[in-house]
Amino acid sequence: FFAPDEVVASAAASYLRCVAWCFPACAAEAVFDGGCIGAQRTLLSMVVGVVGNGLRIPLAALFASRLGFGVEGVWIAITVSTILKAPAKLWCFRRAMRAGRRR
């Protein structure tokens, strides 16, 4: 089931060390998404998610190639985009709650 290659294990460990920093932001993002789903206001949250995930591509290219971080640059890009999406999803959630009060 697991790859016996030491390079794969090293890359996986590197991924977990880097991305672990954004787990609280990832959890907050999921909570705010759930709130938007509950309020039936998902469009803006979806757009923020798509744009935030789309940011990972140029960020990964920047960190991995231009700044020379290699594969760790991809993990950094994932971490940065997740940390940026959390407050954006909070904004979406607050907006959905305000819209719900006006109904």
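Analyst: Rings of Phe, Tyr and Trp, the last by its six-membered ring, pair if their centres lie within 6.5 Å. This is a predicted model, and the structure holds three aromatic pairs.

User: How is an aromatic pair described?

Analyst: A pair of aromatic rings is described by the distance of the centres and the angle of the planes. Here, Y15 and W75 lie 5.0 Å apart, centre to centre, with 80° between the planes. Planes over 60 degrees apart count as edge-to-face, and the pair of Y15 and W75 is therefore edge-to-face. The pair links distant parts of the chain, as Y15 belongs to helix α1 and W75 to helix α5, 60 residues apart.

User: Is W75 buried or exposed?

Analyst: W75 counts as buried, at 15% relative accessibility. Y15, at 31%, counts as partly exposed.

User: How are two packed helices described?

Analyst: One gives the angle between their axes and the distance between the axes. Helices α3 (residues 43-54) and α4 (residues 56-66) pack at about 20°, with axes 5 Å apart. They are therefore roughly parallel to each other. In this contact, G52, N53 and G54 of α3 meet R56, I57 and P58 of α4. Of these residues, two are nonpolar, three polar and one charged.

User: Which residues of α4 are buried?

Analyst: In general, an α-helix has 3.6 residues a turn, so residues three or four places apart point the same way. In α4, the residues L59, A60, F63 and A64 are buried. They cover an arc of only 110° around the axis, which puts them on the same side of α4. The face turned away from this buried side carries the exposed residues I57, S65 and R66.

Conventions: Residues are numbered from 1 along each chain as its sequence is written. This is a predicted model: local features need pLDDT of at least 70, side-chain atom pairs count only at pLDDT 80 or more; totals for chains, interfaces and linings use all residues. Side-chain values use heavy atoms; hydrogens and water are left out. Axes are lines fitted to C-alpha atoms, for helices over the stretch in contact, and angles run from 0 to 180 degrees between N-to-C directions. Helices (H or I, at least four residues) and strands (E, at least two) are DSSP runs, numbered from the N terminus. Angles under 35 degrees count as roughly parallel, over 145 as roughly antiparallel, 65 to 115 as roughly perpendicular and the rest as oblique. Contact means heavy atoms within 4.5 Å. Ala, Val, Leu, Ile, Met, Phe, Trp, Tyr, Cys and Pro count as nonpolar, Asp, Glu, Lys and Arg as charged, and the others, Gly among them, as polar. Buried means under 20% relative accessible area, exposed over 50%, partly exposed in between (1.4 Å probe, protein chains only). The arc is that of the directions from the helix axis to the C-beta atoms. Rings of Phe, Tyr and Trp (its six-membered ring) pair if their centres lie within 6.5 Å; planes under 30 degrees apart count as stacked, over 60 as edge-to-face and the rest as tilted.
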